[in-house]
Amino acid sequence: MDLKELRTHRARFEQIEARLLRVYAGDPQVLPKRGLDSLRYVLNFAKLTTVRADGNNEDCDVLTRIGPHAWKVAEQFEQRMAGDEPDLRALMQALPELSMDTRERRAKIIADTPLERGDFDREIATRKLILALGGGGGAGYGYGGLFTLLDRHQLNPSLICGTSIGALIGLYRARRIRHDAAAMLEASKTLSWNKVFAMGNEPSRYGLPATLRLHLRRAIGQFFTNEDGHTMTMAELPIPMHIVVTGLKVGALKHELDYYEHFLDDSTNAGIVNRVNRVFKLGNLAHVFREFVSNPDALQEVVFGRDPLTMASDCVDAAGFSAAIPGLIHYDIHRDDKRMHALLAEVYAEYGITRMIEGGIVNNVPAKVGFASAMEGRLGGHRNVHIIAVDCFAPRPTKPIFLPIQQVVRSNVARNQAYADIWLSLSKTLSPLNLVPSSQQISEAGRWAMSDLGPHLQLLEALMDPIEPLQD
């Protein structure tokens, strides 16, 4: 199966399970908890595609071995859960036969493969959480509120996929296993426009020149250092991260570099205030975005943290390139760092790219990246995941000024929606142009985001609740 087919297969059973849990939440007396766990085990066994054998780290295809059994399970559940009043009692009546078939199928696979009973129970009984955080400038500062709410309910991510501001804010979450909201808020108080951005001539080696220079290491580098004083690599983050960057191949640039470097010079004053000409220049900025996406063959998605090479990258550099909006923000590496220069030389050669820019050009809400990594076994072989994708840059009638740019990224956003279990379009955000907000504004944005996630929490907690394994 390709990735789309895998998602279609697994989503069928996940949607059945979600409906089962919603009905159960409405009337917990209708089923014993042990019966609910057995039904969930049967469903999650039927959706299996690949299982890792813990003894030798071998991935075993079980989809073809489960085959007809999976269809039978889906039909049995769907028949009894159709309509406005699902019949859970009828499901319980069918459970003995479903359980027996599941045990027999499980035993047959164990006999024919390196898999053991514990391998099935590990994969089925627990679910890992993946966050996919989209780009959108200052609109993404509400993500901190989502981290806080999830942590309050002991729902901590096993993987964070981020683009642009999603990568930047996601880094703060990835630096510790448990979320520290106070530390994140204190970090925001140290930021200022002049500390984060600068103007003036700077050489361009890896990024695309632009009016504003992003000095990310100067602004936040101290929060991502190891005990030896070195910046954390992607591999050293306590929570794994995937950071999306757009690589430009030969032919991607329609203009000389000077065009991009001075694109917004007349829209920022001498004091570098947090303001750009919103009407005229945003339209022009959308034009630059369209130029890039009009030639998709010249664009390459690069995901830092998905392979051994990019996992060795400094995490701050990866986030900096992901947030480098063409024409507006330039990020580059000017320091004497032989290791990073050698690493990027390999990345550029491997992907055939000449520059790196804002990840939203190719993938603004990277839910598909998270799903692909899970299916490839990159979460320690665990593939039973729940993906929350958060879009902070969805078009809203109240802010039509951003519509031209939003329309450009909508196509790649739409391609990700099928891979998310929860798709959360934030209903209220800070302005995307508010790139360095106050700590008070960040707190307010966090509360707005928490309100959007709140209605999903009951089901989310139920789905993440471990399942009691089905006994022999």
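1. Helix α7 (residues 165–174) packs against helix α14 (residues 315–322) at an angle of about 155°, and their axes lie 7 Å apart. Axes are lines fitted to C-alpha atoms, for helices over the stretch in contact; angles run from 0 to 180 degrees between N-to-C directions. Helices are DSSP runs of H or I, at least four residues, and strands are E runs of at least two, numbered from the N terminus. Angles over 145 degrees count as roughly antiparallel, so α7 and α14 are roughly antiparallel to each other.

2. This is a predicted model: local features need pLDDT of at least 70, side-chain atom pairs count only at pLDDT 80 or more, and totals for chains, interfaces and linings use all residues. Residues are numbered from 1 along each chain as its sequence is written, and side-chain values use heavy atoms, without hydrogens and water.

3. The largest nonpolar core has 120 residues. Such a core is a set of buried Ala, Val, Leu, Ile, Met, Phe, Trp, Tyr and Cys residues joined through side-chain atoms within 4.5 Å. Buried means under 20% relative accessible area (1.4 Å probe, protein chains only). Y143 and F197 are among the residues with the most contacts inside this core. Helix α7 gives the most to this core, with 7 residues.

4. T231 lies in the loop between α10 (216–220) and β7 (241–248). T231 counts as buried because its relative accessibility is 11%. Its side chain makes a polar contact with the side chain of R217 (3.0 Å). A polar contact is a pair of N or O atoms within 3.5 Å; within protein, one must be able to donate a hydrogen and the other to accept it, and residues adjacent in sequence count only if both atoms are side-chain atoms.

Definitions and conventions:
Parallel < 35°, antiparallel > 145°, perpendicular 65-115°, else oblique. Buried < 20%, exposed > 50% of the residue type's maximum accessible area, 1.4 Å probe, protein only.
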